[in-house]
Amino acid sequence: MKFNVLTLFPEMFESILGTSMLAKAKEQELLSVDLIDIRDYTQNKHRQVDDYPYGGGAGMLLKPEPIFRAVDDLDYSKQTPIIFLTPQGETFNQAKAKELANYEELTLLCGHYEGVDQRVREELITDEISIGDYVLTGGELPAMVLIDAVARLIPGVLGSQESAVEDSFYQGLLDYPHYTRPRDYKGLEVPQVLLSGDHGRIEQWRRKKALENTLHKRPDLLKQADLSEQDQKLLAEIKQELEEE
Ligand code: ADE
């Protein structure tokens with residue numbers, strides 16, 4: 001999968017893309033990221049990328065010409081989404097990451113200042129994505145969040161162990177608790193069931209804990225989750241136990 005990233009600060013991406021799973025994915029040629037410096041597409045002496053808004057008001061805007069030129073220069077098919085990272089966009093989530101992972105190529109535009117000239121949004125941008133209801137100094141961190149979340153869904157980027165963990169979010173629930181050695185840390189013991197070797201009981205315990213976790217922390221997810229009859233039974237048990245406390 002290929003990402004084209006249009007940015008004023010390509011150097012911001014280096015450590016993220018050069019570390020851990022993303023670095024490995026690049027080495028294995030499962031992922032490539034083309035960092036395109038918008039400033040390289042300016043044609044004025046000062047390499048100016050921003051300008052004052054017509055009509056007045058605070059803040060500067062990204063000028064249209066360098067962005068149009070940079071996009072013209074891409075080797076992209078008309079089908080390739082061009083995503084603008086902005087707090088005004090659709091909120092990013094796992095379902096969107098999964099949808100985007102189906103593309104062979106994505107182009108990301110990182111905003112700065114007060115935003116970008118409206119003609120860029122209307123003529124070039126196909127999707128606007130926000131990573132949450134807060135305002136960052138630019139679209140670079142959001143672009144990295146998106147790349148990371150999408151890249152880990154590319155087949156082969158994660159080992160099979162890690163993919164299994166992801167399934168628990170796919171099913172719309174939060175994860176269950178995990179434990180590793182030692183069995184007893186200063187009197188804090190690993191739940192007995194996990195040491196039992198009884199895979200059926202372990203599975204059921206994990207599902208119940210995932211339901212419990214979701215009920216406590218993100219009850220909104222439970223409403224949308226695809227729950228089996230067994231899940232409903234476990235949920236009823238959890239609620240009963242809560243009442244008894
Ligand atoms: N740019 C600034 N803040 C942002 C956010 N929350 N999401 C996406 N892009 C942004």
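Trainee: Is Ser 20 buried or exposed?
Mentor: Ser 20 counts as exposed, at 52% relative accessibility. Exposed means over 50% relative accessible area, buried under 20%, and partly exposed in between, with a 1.4 Å probe and protein chains only.

Trainee: What should I know about the model and its numbering?
Mentor: The model is predicted: local features need pLDDT of at least 70, side-chain atom pairs count only at pLDDT 80 or more, and totals for chains, interfaces and linings use all residues. Residues are numbered from 1 along each chain as its sequence is written, and side-chain values use heavy atoms, with hydrogens and water left out.

Trainee: Back to Ser 20. Where does it lie, and what is its phi?
Mentor: Ser 20 lies in helix H2. Its phi is positive, about 55°, although Ser 20 is not a glycine. Helices (H or I, at least four residues) and strands (E, at least two) are DSSP runs, numbered from the N terminus.

Trainee: Which loop holds Glu 29?
Mentor: Glu 29 is in the loop between H2 and E2. Glu 29 also has a positive phi, about 60°, and is not a glycine. With a relative accessible area of 71%, Glu 29 is exposed.

Trainee: Why point those out?
Mentor: Most residues other than glycine have a negative phi, and most peptide bonds are trans.

Trainee: Which peptide bond is cis?
Mentor: The bond from Arg 181 to Pro 182 is cis, with omega near 10°. Pro 182 sits in the loop between helix H7 (160-170) and strand E8 (184-185).

Trainee: New topic. How many helices and strands does the chain have?
Mentor: The protein chain has 10 helices and 9 strands. Its C-alpha trace spans about 70 × 40 × 40 Å along the principal axes.

Trainee: What is its radius of gyration?
Mentor: The chain has 23 Å, whereas a compact globule of 245 residues would have a value near 18 Å. The radius is taken over C-alpha atoms, and the globule rule is 2.2 Å times the number of residues to the power 0.38.

Trainee: What share of the residues is buried?
Mentor: Buried residues make up 42% of the 245 residues.

Trainee: Which residues have the most contacts inside the largest nonpolar core?
Mentor: Phe 3, Leu 108 and Leu 146 do, in a core of 28 residues. H6 gives the most to this core, with 7 residues. A nonpolar core is a set of buried Ala, Val, Leu, Ile, Met, Phe, Trp, Tyr and Cys residues joined through side-chain atoms within 4.5 Å.

Trainee: What does Phe 3 touch?
Mentor: Leaving out residues up to four places away in sequence, its partners include Leu 31, Val 33, Leu 106, Leu 108 and Leu 146. Contact means heavy atoms within 4.5 Å. A second, separate core of 18 residues includes Ile 82, Phe 84, Leu 109 and Ile 125.

Trainee: Where is Leu 106, and is it buried or exposed?
Mentor: Leu 106 is in strand E6, and Leu 106 is buried, with a relative accessible area of 0%. Beyond its neighbours within four places in sequence, Leu 106 contacts residues including Met 1, Thr 80 and Leu 100. The C-alpha atoms of Leu 106 and Met 1 are separated by 8.1 Å, though these residues are 105 apart along the chain.

Trainee: And which residues of helix H3 are buried?
Mentor: In H3 (residues 64-72) they are Pro 64, Pro 66, Ile 67, Ala 70 and Val 71. These pack against elements including strand E1 (2-7), strand E5 (82-91) and helix H5 (118-123).
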